[in-house]
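Subject: Structure handover

Hello,

Here is the structure I promised you. Please open it and follow along with the notes below.

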Amino acid sequence: MDVNQILLDQVTALLKQHDTAFAAQDIKGIMKTYVSGPQIFLMGTGPGEIYRGPEGIEGAYNQFFTKFEKGTVGFDYSWVSAGSMGDLAWFAAEYTIRGNVQGEAKEMAINLSGTLQKLKDQWHILAMHFSRLGVMEEPNEPQPK
């Protein structure tokens, strides 16, 4: 198998591990996908959306968990790319997150990128950045042109 395909498969598996924990609102599972230490961070789209260290990241995810009803979240990736050099890797992805918010089905397009570090033959998130593409919308709702 091609080295690039192996890396892409490993990164995709890490993202799916992250997403499974997110859908279950499992903060410990989320944190297992990150490097352990104060250097980790998560950055969002707007001002003030910078979360540093384990406590900051845990707080961010606990806030995210209030947006979607537990067990209703799904992720559909349309594109994932990755590269690496030694024990560091980078990735970029585009996906749609779907879930129920206050009993209503919602979806949101997301761009995601990050830096990974390989520890004990496993990739972990060192830094991640997400960008929301628009606001929460009803599925199949016509988009303004």
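Rings of Phe, Tyr and Trp (its six-membered ring) count as a pair if their centres lie within 6.5 Å. By this rule there are ten aromatic pairs. Keep in mind that this is a predicted model.

Two of the rings to look at are Y61 and F65. They form a tilted pair, with 6.5 Å centre to centre and 50° between the planes. Both residues sit in helix α3, four residues apart, which is about one turn of the helix. Y61 is buried, at 2% relative accessible area. F65 is buried too, at 8%.

Now go to Y77 and Y95. This pair is also tilted: the centres are 5.0 Å apart and the planes make an angle of 35°. Y77 belongs to strand β3 (residues 74–85) and Y95 to strand β4 (residues 88–101), so the pair ties together parts 18 residues apart in sequence. Y77 is partly exposed, with 26% relative accessibility. Y95 is buried, at 10%.

One aromatic cluster takes in F22, Y34, Y51, Y61, F64, F65, F75, Y77, Y95 and F130.

Back to helix α3, residues 53–65. Its 13 residues, at 1.5 Å a residue, should span 18 Å. The end C-alpha atoms are 18 Å apart, which agrees. Which residues of α3 are buried? They are G53, I57, A60, Y61, F64 and F65. Seen down the axis of α3, these buried residues fall within an arc of 145°, so they line one face of the helix.

Best wishes

Technical notes:
Residues numbered from 1 in each chain as written. Predicted model: local features only at pLDDT ≥ 70, side-chain atom pairs only at ≥ 80, totals over all residues. Heavy atoms only, no water. Helix = DSSP H or I, 4+ residues; strand = E, 2+ residues; numbered from the N terminus. Expected span 1.5 Å × (residues − 1). Buried < 20%, exposed > 50% of the residue type's maximum accessible area, 1.4 Å probe, protein only. Arc of directions from axis to C-beta. Phe/Tyr/Trp six-rings, centres within 6.5 Å; stacked < 30°, edge-to-face > 60°.
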